[in-house]
2 protein chains.
Amino acid sequence: MIDLETLSRKFQKELNAGTTALALLALLARRGDPLYGYEIAKQLAAVDAELALGKQGALYPVLRALADEGLLESWVEPSVAGPPRRYYRITQDGRSALAEWTRLWRRTRQLVDEMIDERGREG
Amino acid sequence: MIDLETLSRKFQKELNAGTTALALLALLARRGDPLYGYEIAKQLAAVDAELALGKQGALYPVLRALADEGLLESWVEPSVAGPPRRYYRITQDGRSALAEWTRLWRRTRQLVDEMIDERGREG
């Protein structure tokens, strides 16, 4: 007997590795203005009700990595009501990466859909 | 200046982490009969001409992991013309995992498509 639930959690985590970065870049590109972590998590949760991608704790390492790579700017601002907030804004390099990664995502999506369904993407 | 090519290679590798396992399960489920590594690579390359998922060396660790998890059976047979061949066949548990992972994939695909394009999946 396999533990399908554990294996499926691992599978979902693997799927999220690339897709979360792509989703975050897309969100910050669409918004344009800087967002802080909690706002980003809320925006993602609005699309991703089951929180497949968006569990808040899982977002921060991805935001940090994107900032380290120069795809996001990040800085801390004091907040009137609470602890300081770390803001994120997409950079021009981040927009270039988003364009290229969107292309790679579409190609990969197409390939996977062809593999799981010989008819290709279903309508 | 960022190194977009290196970052994009990393992104593609992350996308492949889950999707290659899904593609291999789907291929072996569709075929039903056992396949050995080179045949699997050839079949994948037939769909994936750019070898985004299918670089042969990248397949073996994924096949091994799926066999370790009980989702594939694997055994070695002597070959008349060359070294022995390691065959892989999907198990009943592998078919269960494929059904569940296909569901998770579709949900994740939908979410990512909504994030990168507010109109949702484009036609």
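**Group meeting: two chains, one axis**

Okay, let's start inside chain A: helix 1 of chain A passes helix 4 of chain A in a left-handed crossing, meaning the near helix is turned anticlockwise from the far one by less than a right angle, while clockwise would be right-handed. By helices I mean DSSP runs of H or I with at least four residues, by strands runs of E with at least two, both numbered from the N terminus.

A quick word on the model: it's predicted, so local features need pLDDT of at least 70 and side-chain atom pairs count only at pLDDT 80 or more, while totals for chains, interfaces and linings use all residues. Residues are numbered from 1 along each chain as its sequence is written, and chains are lettered from A and ligands numbered from 1 in the order in which they are written.

Back to our helices. Helix 1 (residues 4-31) and helix 4 (residues 92-116) of chain A pack at about 130°, and their axes are 10 Å apart. Those axes are lines fitted to C-alpha atoms, for helices over the stretch in contact, with angles from 0 to 180 degrees between N-to-C directions. The pair is therefore oblique; that's what's left after roughly parallel (under 35 degrees), roughly antiparallel (over 145) and roughly perpendicular (65 to 115).

Who touches whom? From helix 1 of chain A we have L22(A), L25(A), A26(A) and A29(A), and they meet G94(A), R95(A), A97(A), L98(A), W101(A) and W105(A) of helix 4 of chain A. Contact here means C-beta atoms, placed from the backbone, within 7 Å.

Next, the strands. Strand 2 (residues 72-79) and strand 3 (residues 82-90) of chain A run antiparallel, joined by seven bridges; pairing takes at least two DSSP bridges. S74(A), for one, has Y88(A) in strand 3 of chain A as its bridge partner. A hairpin of two residues links strand 2 of chain A to strand 3 of chain A.

Now zoom out to both chains. Turn chain B by 180°, shift it 0.0 Å along the axis, and it lies on chain A with an RMSD of 0.0 Å. That's the relation of a two-fold axis. The superposition is least squares on C-alpha atoms of residues with pLDDT of at least 70 in both copies. Which residue of chain B comes closest to the rotation axis? That's L15(B), with its C-alpha at 3.2 Å.

Finally, the contact: chain B gives 38 residues and chain A gives 38 residues. On the chain B side, helix 4 of chain B brings the largest share, 16 residues. And 100% of chain B's interface residues are also interface residues in chain A, so the copies meet through the same surface.

Methods:
Contact = placed C-beta atoms within 7 Å.
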